[in-house]
Amino acid sequence: MSAPWLRGVAGPAVAAALLLPAAPALAHSAHSAAHSTAQAPAPSAAQAASTGLRPAPASVAKKLFGAWLRRDRHAASRVATAGAVSTIFAYPFRAPDRFAGCTGGRDCRFVHTSVNVPGGLDGILMVVSGSKVVKVYESRHLVKPSAAATHLFKAWRAGDRYRGLEAATNRAVTTLFRNRFDPKGVAYIFQGCNRDSKGYSCAYSYEGGAMFMRLGGSKARGYEVTSIGYIAD
């Protein structure tokens with residue numbers, strides 16, 4: 001059974017504090033907490049291979065998370081692909097402070113409980129295959145409303161919900177992904193973003209109507225798409 005993960009790691013919920021990489025002290029306390037509460041050591045990748053067993057996804061994910069906290073790219077590369085390592089080492093916020101488990105036998109999440117970050121992903125999600133993390137999704141710090149809007153649109157076009165959650169709320173992603181993007185359907189044309197009394201609104205026009213994305217946030221915190229609306233001509 002996996003142990004409780006990284007309790008008590010918190011910081012002031014302000015933008016300046018959010019945009020800090022994991023400090024060595026944080027890495028040490030998180031690493032110590034993970035090991036002191038473990039009921040039994042997880043088998044190494046070599047041991048798992050020799051016995052014909054795959055390591056548990058949670059074990060693999062935690063190894064990458066721990067290597068990231070220690071800023072140890074070499075250790076990270078042993079349990080993750082180059083792309084996954086590059087993504088997690090570019091995470092712009094404080095380290096998430098809770099391990100939220102794995103779903104579907106491969107998707108493992110580390111979430112924030114004491115600070116707010118843009119998007120519904122709320123931290124870091126690792127996709128595990130066998131003994132390696134093959135992809136990392138993470139909350140994004142996008143400093144322009146247009147960047148958040150186009151990030152979500154590209155995620156929808158690719159059929160990638162996790163990518164959408166990097167820059168949009170669960171509500172916005174659920175609304176947008178109710179319909180699958182049709183590459184042979186109407187063409188969407190980005191019309192830019194406008195500021196209004198509630199924040200920003202970005203639009204995509206298409207034959208017969210338009211899709212509007214409502215955005216919240218700020219340059220310091222990062223922007224996120226909060227809702228989706230449609231109008232017909």
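Me: Numbering the bonded cysteines of the chain in sequence order, what is the pairing?
Reply: This is a predicted model, in which local features need pLDDT of at least 70, side-chain atom pairs count only at pLDDT 80 or more, and totals for chains, interfaces and linings use all residues. Residues are numbered from 1 along each chain as its sequence is written, and side-chain values use heavy atoms, with hydrogens and water left out. A disulfide is counted here when a pair of cysteine sulfur atoms lies within 2.5 Å, and searching the whole structure gives two disulfides. With the bonded cysteines numbered in sequence order, the pairing reads 1-2, 3-4.

Me: Which cysteine forms a disulfide with cysteine 102?
Reply: A disulfide is a covalent bond between the sulfur atoms of two cysteines. The link that cysteine 102 makes is right-handed, with 105 degrees about the S-S bond. Its sulfur atom lies 2.0 Å from that of its partner, cysteine 108.

Me: Is cysteine 108 buried or exposed?
Reply: Buried means under 20% relative accessible area, exposed over 50%, and partly exposed in between (1.4 Å probe, protein chains only). Cysteine 102, at 31%, is partly exposed. Cysteine 108 has a relative accessibility of 0%, so it counts as buried.

Me: What is the relative accessibility of cysteine 193?
Reply: Cysteine 193 is joined by a disulfide to cysteine 202, S to S 1.9 Å, and this link is right-handed, with 105 degrees about the S-S bond. Cysteine 202 counts as buried because its relative accessibility is 0%. Cysteine 193 counts as partly exposed, its relative accessibility being 26%.
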